[in-house]
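Here is a short note for a colleague who is opening this entry for the first time. Please keep the sequence and the 3D view at hand while reading.

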Amino acid sequence: MTDFATAEARIRQLHALYTDAVWRKDAAAFAQCFTPDAEWRVDGSVLRGRDEIVREFERTLAGVKRVLVGYRTPYLELTGAERASGRTYVTEHYAWTLGPPTTTIARYYEYYVDGGDPWCISWRLHELLYSGPGDLTGEFYEGVGLPR
């Protein structure tokens with residue numbers, strides 16, 4: 001059984017790897033963040049499997065110069081041997097190829113599994129809370145939370 005401090009450190013490493021992969025637009029490093037059978041629910045879509053998630057990553061990042069992802073401290077719960085769930089607030093700053101820059105604030109609900117160092121995401125729900133300029137004059141959305 002993994003202790004909480006070790007799990008948290010590995011999940012923070014996962015978030016750092018994710019942030020770096022997105023900034024560099026590195027699909028191979030991005031793929032390492034997910035289990036082969038991972039599921040990601042984002043913008044009304046359900047992406048099933050690492051390959052589909054990576055294809056969407058490449059499609060989305062084709063239209064941006066850079067994206068800077070900022071994870072807040074995750075709220076984590078160990079859910080079994082080498083397993084955890086978490087809720088994390090994430091800010092993303094987009095520099096689009098066409099159009100003005102955009103900032104989003106979202107809450108990620110995630111399930112993690114021990115895939116070594118770091119851990120991997122096996123399930124994720126993206127809940128958009130804000131989209132607009134970085135000065136927060138854009139649109140706020142009411143979060144609905146994790147579906148039951």
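1. Please read everything here as a description of a predicted model. No value below comes from an experiment on this protein; each is computed from the predicted model.

2. Elements. The protein has three helices and eight strands. Their order from the N terminus is α-α-β-β-α-β-β-β-β-β-β.

3. Overall dimensions. The C-alpha trace spans about 50 × 30 × 25 Å along its principal axes. The radius of gyration is 15 Å, and this agrees with a compact globule, because such a globule of 148 residues would have a value near 15 Å.

4. Packing. Of the 148 residues, 44% are buried. Now take the contacts with a separation of 6 or more: 50% of them link residues 24 or more positions apart.

5. Surface and charge. The accessible surface comes to about 8000 Å². Carbon and sulfur atoms hold 52% of that surface. The protein carries 17 positive and 21 negative charges.

6. Strand E7. Please look at residues 120-132, which form E7. Is this strand mostly covered or mostly open? It is mostly covered: 11 of its 13 residues are buried.

7. E7 with E6. Strand E6 covers residues 102-113. It runs antiparallel to E7, and 11 bridges join the two. Val113 stands opposite Cys120 of E7. The hairpin of E6 and E7 has six residues between the strands. In this hairpin, Gly116 takes a positive phi near 105 degrees.

8. E7 with E1. Strand E1 is made of residues 34-42. Which way does E1 run relative to E7? The two are parallel, with four bridges between them. Arg41 has Leu125 in E7 as its bridge partner.

9. E7 with E8. Strand E8 consists of residues 139-140. Two bridges tie E8 to E7, and the pair is antiparallel. Ser131 has Glu139 in E8 as its bridge partner. E7 and E8 also form a hairpin, with six residues between them. Leu136 sits in the turn and has a positive phi of about 65 degrees.

10. Summary. E7 has bridges to E1, to E6 and to E8. Its pairing with E1 is parallel, whereas its pairings with E6 and E8 are antiparallel.

Conventions: Residues numbered from 1 in each chain as written. Predicted model: local features only at pLDDT ≥ 70, side-chain atom pairs only at ≥ 80, totals over all residues. Heavy atoms only, no water. Rg over C-alpha atoms; globule rule 2.2 N^0.38 Å. Buried < 20%, exposed > 50% of the residue type's maximum accessible area, 1.4 Å probe, protein only. Contact = heavy atoms within 4.5 Å. Areas by Shrake-Rupley, 256 points an atom, 1.4 Å probe, with all protein chains shown as cover. Lys, Arg positive; Asp, Glu negative; His and termini not counted. Charge placed at Lys NZ, Arg CZ, Asp CG, Glu CD. Pairing = 2+ DSSP bridges.
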